[in-house]
Amino acid sequence: MKVPSSETQEQKHKDAKSLYFDLPALDVSVAFPQATPASKFPPCTSDYYQFDDLLTPAERTVRMRVRECMERDVAPLMTKYWEKAEFPFEVIPKLGALGIVGGTIKGYGCPGLSVTASAIATAEVARVDASCSTFILVHSSLAMLTIGLCGSEIQKQKYLPSLAKLDTIGCWGLTEPEYGSDASSLKTIATKVEGGWTIEGQKRWIGNSTFADILVIFARNTSTNQINGFIVKKNAPGLQATKMENKIGLRIVQNGDILFNKVFVPDEDRLPGVNSFQDTSKVLAVSRVMVAWQPIGISMGVYDVCHRYLKERKQFGAPLAAFQINQQKLVQMLSNIQAMLLVGWRLCKLYESGKMTPGHASMGKSWTTLKARETVSLGRELLGGNGILTDFLVAKAFCDLEPIYTYEGSYDINTLVTGREITGIASFKPAAAALSKRSRL
């Protein structure tokens, strides 16, 4: 028997592959016509306790403007970009036109929204896509707000107007490879030289950093040993930002590793209002409120998709919504969202009245992410096999929620912030006596 040559076998393999394996995947609406994918986003059905009644007319207007844009312009694109872990630069003009970038900052082309309006906008963006909300949060509630609260008048006039229009993009660099929760111990250094400063060190997990035009960076002053803030321009000599790969959540967000090799920053770009780590708290207080609203928005989106899906999808001759256990899970999700909305709203009102404490913000962020985890997990169960497909949002939201559970203070660290406030005892570090005793054993 003649044995086919390896070349002949390889050609047959190629022919078979071209016939059967090179075909594009069926569009999900063709492959699974019984339910509508999230690219056609469902109407909002999660405001069961009529939360809208607590909002001002201006806040309701912001909510509807953002919701309509996200459903119409952003929802059809997100699955594709999430799968490729690429950023959808085409949506930037649409997001910039919403009038929400710059949040609570007044003047300099910024909208001057109430904290509540800014939080509502955050939730509405996250309802459709958590990565887009993180992009805006890093740019607006961290980079821009740091300049707004800690920058000089010249710096505000120079940088904020273009940032508010998303003509330029910002990022915010605090976290380092060795210091995450223990951020105040950061090792990146800033050394005074003639006419400015040189920065040396490394940052990690910095959102937007691979394409940001300006980088708001925190470094330890070698003279005072205190944390200072700096505005670093992209393409500065000695600056290198590279994309982190292999994330399973917030895949659209371009998190980066940043290396500083004696990067020069002129005196005019040192932030005069950042003279210690405590000065970052002014920014983190607001941003932590905004982050608390991301899981609220994510949960709303998951509920809306599940609500529609259960009425469309049929098994055993009836819609899935007709089964008792499915109704129970859906009601549990809805109950969680009502509680989360009210906690988030109260947190905003405490901030606006000047009564919010770090413990309030930390408990709000940690608790909403905890309840969102439960809510999204229930949604994952309700969708069965389709619960692991990004086409129906829930799988994507399930993954996107995990980094939010951790960033801006992990769940555990945020509970300890609140714990310190209510007991007067800090428990972030093991007691020195306990460490000493353990070493002797």
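Among contacts in the chain between residues at least 6 apart in sequence, what share joins residues at least 24 apart?

**View 1. The whole chain of this predicted model.** Of the contacts between residues at least 6 apart in sequence, 76% join residues at least 24 apart. The chain is built with 14 helices and 12 strands, and its C-alpha atoms fill a box of roughly 75 × 70 × 60 Å along the principal axes. Buried residues account for 50% of the 441 residues, while the chain exposes about 20500 Å², of which carbon and sulfur atoms supply 56%.

**View 2. Helix α12 and what covers its buried residues.** Helix α12, residues 394-406, has 13 residues and reaches 19 Å from its first C-alpha to its last, close to the 18 Å expected at 1.5 Å a residue. Its buried residues are V394, A395, K396, A397, C399, D400, L401, I404 and Y405. The cover over the buried residues of α12 includes α4 (78-84), α6 (115-128), α7 (130-150), α9 (280-312), α11 (358-382) and α13 (411-423). Just after α12, E408 takes a positive phi of about 55 degrees.

**View 3. A nonpolar surface patch that includes L342.** L342 is described as partly exposed because its relative accessible area is 41%, and partly exposed residues lie between the limits of under 20% for buried and over 50% for exposed.

Conventions:
Residues numbered from 1 in each chain as written. Predicted model: local features only at pLDDT ≥ 70, side-chain atom pairs only at ≥ 80, totals over all residues. Heavy atoms only, no water. Patch = residues over 30% accessible without salt bridge, like charges linked within 9 Å, V, L, I, M, F, W, Y side chains within 5 Å. Areas by Shrake-Rupley, 256 points an atom, 1.4 Å probe, with all protein chains shown as cover. Salt bridge = Lys/Arg side-chain N within 4 Å of Asp/Glu carboxyl O. Buried < 20%, exposed > 50% of the residue type's maximum accessible area, 1.4 Å probe, protein only. Helix = DSSP H or I, 4+ residues; strand = E, 2+ residues; numbered from the N terminus. Contact = heavy atoms within 4.5 Å. Expected span 1.5 Å × (residues − 1).
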